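Here is my note on the model. Please read it with the structure open.

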Amino acid sequence: MKNLLILSAVLLSFGHAQTELTVYTAIENNLLNTYKDGFEKENPDIKIKWVRDSTGIITARLLAEKDNPQADVVFGVSASSLELLRNQDLLLPYQIKDADQIVPNMKDSSENPVWTGTMAWASTLCVNEILLKKHNLPMPESWEDLTNPIYKGLIAMPHPASSGTGYMNVTAWIQLLGEEKGWAYMDKLHPNMKAYVHSGTKPCSMVAQGEVVIGMSSSAFAQDLIKRRAPIALVYPTEGLGWDIEAAAIIKNTDQLESAQKLMDWTASNVVGEIGHDFSGLTARADYISEESKEIYPKLIPNDLKWAAENREKILKQWQDRYEQ
């Protein structure tokens, strides 16, 4: 009888064993537990193990691990990076349940989709209003305004090789202006830069702390600082806003396919819609898009994510050759 009870306990423990899903992500640290708790509450048999870094670092890591993948899912990484991973045959096609809930420009439209978006973020300038007045500077209104020598050494932006937001800005300028004029614009902008930083959130934090006057970032990254009464004004450059999508995909050859598919299906859930509404406003679920974001949508530029992926290596090399000296 004693042995039978022990065997029953062992079998019961196996019945409740959790699957561990290794998920590479670039989502903000303060959202990791929100996503994890929300998913695991609905899927108690699956445990998420996050591996977090900025978009560029996560993308490079996945490419380096191509022959020996360590991740099961990539979640909250820019869609342009996932297009690059698709080109390297690293992602497994999967059409999520409730795909019709996702707005068309935030999901992979190919015949065999590999990624699904959760939310988007758009280019925004964070401006320290106190420092602006202190230096008697005009409020910038456009991308072109940032090339004015009066802002020399007062601007920070994310490094395009490590930050999805940084790469988004570079590709937006090239698409807005054309290749020749886009690089000419960056040549004029470069002398005004104080720093190219590792993450998309850091420029807004630097603005809040008074380290720079202007930070190129996203309005989503500034909201928490604004709630804490940081002296930040948000500016949406008049020429148009670059944008990208936080998206998810299954890594090819994962041995946790069923659990990975459950996480992918969950991207269309109400929980993810609510998180996107509170953080970005530009959600992949139309019914969760914020009122402010409805005003931003018309300012988003036509954005060719496949082009951004295919030309990533060339663009980054040219950028580094010009501005990293």
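Which residues lie nearest the centre of the largest pocket? Asn30, Phe221, Asp224, Leu225 and Phe279 do, out of 18 lining residues.

This is a predicted model: local features need pLDDT of at least 70, side-chain atom pairs count only at pLDDT 80 or more, and totals for chains, interfaces and linings use all residues. Numbering runs from 1 along each chain as its sequence is written, and side-chain values use heavy atoms, with hydrogens and water left out.

1. **Largest pocket.** Its space comes to about 390 Å³. (A pocket is an open set of points on a 1 Å grid over the protein atoms alone, with protein on both sides within 12 Å along at least five of seven lines; a lining residue has an atom within 4 Å of a point. A volume is the space filled by probe spheres set on the points, which are joined across faces, edges and corners.) Helices H2 (29-42), H9 (219-227) and H11 (270-279) each supply at least two lining residues. H9 gives the most, with six. (Helices are DSSP runs of H or I, at least four residues; strands are runs of E, at least two; both are numbered from the N terminus.)

2. The lining has seven nonpolar, five polar and six charged residues. (Ala, Val, Leu, Ile, Met, Phe, Trp, Tyr, Cys and Pro count as nonpolar; Asp, Glu, Lys and Arg as charged; the others, Gly among them, as polar.)

3. **Cavity.** The structure holds one cavity of 30 Å³ or more. (In a cavity, a 1.4 Å probe fits but cannot get out.) The largest cavity has a volume of about 160 Å³. Its lining counts 15 residues, with Ala26, Glu28, Thr55, Thr165 and Phe221 nearest the centre. By class, three are nonpolar, nine polar and three charged. Note Phe221: the residue is nearest the centre in both lists.

4. **Aromatic pair across the sequence.** There are eight aromatic pairs. (Rings of Phe, Tyr and Trp, the last by its six-membered ring, pair if their centres lie within 6.5 Å; planes under 30 degrees apart are stacked, over 60 edge-to-face, the rest tilted.) Phe39 and Trp266 pair edge-to-face, at 5.5 Å centre to centre and 70 degrees between the planes. Phe39 is in H2 and Trp266 in H10 (residues 257-266), so the pair ties together parts 227 residues apart in sequence. Phe39 is buried, at 0% relative accessible area. Trp266 is buried too, at 4%. (Buried means under 20%, exposed over 50%, partly exposed in between, with a 1.4 Å probe and protein chains only.)

5. **Aromatic pair within a helix.** The ring centres of Trp319 and Tyr323 are 5.5 Å apart and the planes lie at 65 degrees, so this pair is edge-to-face. Both residues sit in H14 (residues 312-323), four residues apart, or about one helical turn. Trp319 is buried at 2%, and Tyr323 is buried at 8%.

6. **Cluster and charge.** Tyr35, Phe39, Trp50, Phe75 and Trp266 form one aromatic cluster. Elsewhere, Arg312 lies over the face of Tyr167, 4.9 Å from the ring centre. (The cut-offs are NZ of Lys or CZ of Arg within 6 Å of the centre and within 35 degrees of the ring normal.)

7. **Side chain to backbone.** Ser217 belongs to strand E8 (residues 214-218) and is buried at 0%. A polar atom of the Ser217 side chain lies 2.6 Å from the backbone oxygen of Gly200. Thr124, in strand E5 (residues 115-128), is buried at 1%. A polar atom of the Thr124 side chain lies 3.2 Å from the backbone oxygen of Ala122.

Key
A polar contact is a pair of N or O atoms within 3.5 Å; within protein, one must be able to donate a hydrogen and the other to accept it, and residues adjacent in sequence count only if both atoms are side-chain atoms.
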